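Here's a quick briefing to read alongside the sequence and the fold. Have both open before you start.

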Amino acid sequence: MIARITVTALKKSFHLRGKKRLSISTIISQFFSSGKIQEQLSVIDGLSFVANPGELIGLIGKNGMGKTTLLRLIAQVYKPDQGTIQTEGKMVSLIDLKLTFRDQLTVTDVITLLLTLYQTQPSPQLIHKVLVFANLSNFKEAYLYQLSQGMTQRLTLTVALHAKADILLLDEVLESSDFVFRQKAITHLKSLARKGMTVIFISHDRDLIKSLCQKILVLEEKKLIAFVPIRQLTTYQKYL
Amino acid sequence: MLKNRTTTKPSARTLNSLSPKKGASTSSKASRSAIHHFLSISISLAYYDLKVRHTNTALGSLWYILSPLVTFFVLFFAFKDSFGSSIPQYPLYLVIGIVIFNTVQELLTDSAKKIFENRFLLKSINFPASTLILALCVRVIFSQIPILFLVILVAVFSSVSWLSLALLYPLVLLMVLLLSLGASVVCSILGVYIADLGNAIAFSMRLLWLATPLFYNLDQKSGFLKMINFFNPFYYLLHFSRELLVFQRFSGPQFLLLVLLSGATFALSIFIWKHYYQKVVERI
């Protein structure tokens, strides 16, 4: 069996200085100042794991432990400093997506745009399927700014679920959803996993992780401290 | 759907085919698919950018005409008896200067905020970020349709062949886009580092608006202004465009100069993009 994701000896750090956008005057004054040593913040240090087809993996760890960074590295949004990431198949990611200045688009427009970004043909049938699944058929012509946070989250997650992926990377996507949709999404994710899709899922919700995932990846202080079956969640629940 | 095997390393991102025996055909199929994906994203982003701009507006795409039209009338009535008296086909000369300048200004100012504006999208979904800049160019091409209508109207008023103008206008637009594309890419990267780049561009463009012969002819001006314009790419772009559209004269050396200049800025922008894009994504 070919692994879907193979991560080997992964390292990633960020420059702490200059995280925010600077004004021209600040840039000029910094240019002439002597303090040019940049501080490095190591986020991931020597992380390795393999994810196989059909695995539903919960990625857990306290805030700031590098969960989102790891997903962005796998999604190839970031490049690693050291180590390799091999992925097999089509990858779809939904990592802290805010559609801020596009909130004047309609729900149908957003579905079309996101499907295009996910390399999926936005056919009318697929758009209809997404609308029905997200229970937003009555809102297809509504503007995004007219939807609640939960509805927007429902919409973006449903598009990702229908983007015909082999690997799905999700970051806290069910936190604002109601119980009914949450159950529907879990059932759908499980059925997709049975067909071979690999899912890595970040959440701080113990019940959600327990009901969805087969394995857990635990991050603590830049390191992977466990990659174990879900039955061992109790041992690591302090990291949620 | 593009199915691939991807390896990400610190220095390189490679795309390996799953079936080595069919290497060449699979690779060309993957390239075609990647180009199709690239273009479809650019067109979609441009379309939805236009849609967002016109949602709930009363005049919609008329705004594209309104600004150059009002500027044209103000400048025309202010200068037709002074600068305009010695410039043949002054109304067309003026309107072409205004629309080309506005187009370049729009490209540069909008590109400065493009990456920062799309930071959540770029950090959530892996798609080619350069499509954002291409989408901006596509949007500008769409917005030229009503502007061309305005230029044709002035051509008819000036008794200049509107048909040849309409046929030659795409070549001018192509030169505008080629010349601006490299600068737009650089601005999009710099815009992430410098918060007030938008203001700096707006200020520089205001100075250039006065220094470039938009509503006057350079022959009417002093040696100092001529020297400034010797280094001003807008001057060559405007001169080439006016020669072509107003007098239907093709200036070969200027065309070559503009192509070389566009090529050089584009090559520089690719170097900057390749070197800085990853740093930029981690910064936003």
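What follows covers a helix pair, a strand residue and a pocket. Keep in mind that this is a predicted model.

**Helix packing in chain B**
- Start with helix α2 (residues 63-79) of chain B, which packs against helix α5 (residues 130-157) of chain B at an angle of about 35 degrees, the axes being 8 Å apart.
- The crossing of α2(B) past α5(B) is right-handed.
- On the α2(B) side, the contact comes from B:Y64, B:I65, B:P68, B:L69 and B:F72; α5(B) brings B:S143, B:P146, B:I147, B:F149, B:L150 and B:V154.
- Sorted by class, the residues of this α2(B)–α5(B) contact come out as 10 nonpolar and 1 polar, with no charged ones.

**A:S13 in its strand**
- A:S13 sits in strand β1 (residues 5-15) of chain A.
- Is A:S13 buried or exposed? Its relative accessibility is 17%, so A:S13 counts as buried, the cut-off for that being under 20%.
- Leaving aside residues up to four places away in sequence, A:S13 touches A:Q40, A:L41, A:S42, A:V43 and A:D81.

**The second largest pocket**
- This pocket's volume is about 450 Å³.
- Its lining has 18 residues, and those nearest the centre are A:D96, A:L97, A:K98, A:Q149 and A:Q153.
- Two or more lining residues come from each of α2 (67-74), β5 (91-95) and α5 (149-161) of chain A.
- Which element gives the most to the lining of the second largest pocket? That's α5(A), with 4 residues.
- The lining splits into 6 nonpolar, 6 polar and 6 charged residues.

Notes
Residues are numbered from 1 along each chain as its sequence is written. Chains are lettered from A and ligands numbered from 1 in the order in which they are written. This is a predicted model: local features need pLDDT of at least 70, side-chain atom pairs count only at pLDDT 80 or more; totals for chains, interfaces and linings use all residues. Side-chain values use heavy atoms; hydrogens and water are left out. Axes are lines fitted to C-alpha atoms, for helices over the stretch in contact, and angles run from 0 to 180 degrees between N-to-C directions. A crossing is left-handed if the near helix is turned anticlockwise from the far one by less than a right angle, and right-handed if clockwise. Contact means heavy atoms within 4.5 Å. Ala, Val, Leu, Ile, Met, Phe, Trp, Tyr, Cys and Pro count as nonpolar, Asp, Glu, Lys and Arg as charged, and the others, Gly among them, as polar. Buried means under 20% relative accessible area, exposed over 50%, partly exposed in between (1.4 Å probe, protein chains only). On a 1 Å grid over the protein atoms alone, a cavity is a set of points where a 1.4 Å probe fits but cannot get out, and a pocket is an open set with protein on both sides within 12 Å along at least five of seven lines; lining residues have an atom within 4 Å of a point. Grid points are joined across faces, edges and corners, and a volume is the space filled by probe spheres set on the points.
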